[in-house]
Amino acid sequence: MNNQKIKEITKRCSTCGKDMEITLFEDKSYCGGNYFFVLPHKVEYWECDDCYNE
Ligand SMILES: [Zn+2]
């Protein structure tokens with residue numbers, strides 16, 4: 001496996017407002033948060049691990 005890290009971005013949790021460090025990888029996977037794509041508004045929606053696990 002050679003899954004290169006592309007970049008790190010900061011996203012804010014849509015539920016609690018906490019900032020998250022998201023790491024993006026070459027194969028389009030990521031870690032550090034949980035991503036949703038909300039239709040029909042086509043907005044990004046991020047949740048931190050704490051909110052996601054509730
Ligand atoms: Zn949260």
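Two strands count as paired here if DSSP finds at least two bridges between them. With that in hand, here's a quick look at this chain, which is a predicted model. Its 3 strands S1, S2 and S3 make an open sheet in that order, with antiparallel pairing. Strand S1 (5-12) and S3 sit at the edges with a single partner strand each, so each has one side left without a neighbour in the sheet.

**The chain as a whole**
- You'll find 1 helix and 5 strands in the chain, and they run β-β-β-β-β-α along the sequence.
- The C-alpha trace spans about 35 × 25 × 20 Å along its principal axes.
- Of the 54 residues in the chain, 7% are buried.
- Looking at contacts with a separation of 6 or more, 27% come from residues 24 or more positions apart.

**Inside the sheet**
- As a bit of background, strands of a sheet pair through backbone hydrogen bonds, either parallel or antiparallel.
- S1 and S2 go antiparallel, over 7 bridges.
- Lys-11 has Met-20 in S2 as its bridge partner.

**A closer look at Glu-26**
- Glu-26 sits in the loop that links strand S2 (19-25) to strand S3 (30-31).
- Glu-26 counts as exposed because it has 10 C-beta neighbours inside 10 Å, and the cut-off for exposed is 12 or fewer.
- If you set aside neighbours within four places in sequence, Glu-26 is in contact with Asn-3, Gln-4 and Ile-6.
- Cys-16 is 10 residues from Glu-26 along the chain, and their C-alpha atoms are separated by 29 Å.

Conventions
Residues are numbered from 1 along each chain as its sequence is written. This is a predicted model: local features need pLDDT of at least 70, side-chain atom pairs count only at pLDDT 80 or more; totals for chains, interfaces and linings use all residues. Helices (H or I, at least four residues) and strands (E, at least two) are DSSP runs, numbered from the N terminus. A residue is buried if 20 or more other C-beta atoms lie within 10 Å of its own, exposed if 12 or fewer, and partly exposed in between; C-beta atoms are placed from the backbone. Two residues are in contact if their C-beta atoms, placed from the backbone, lie within 7 Å.
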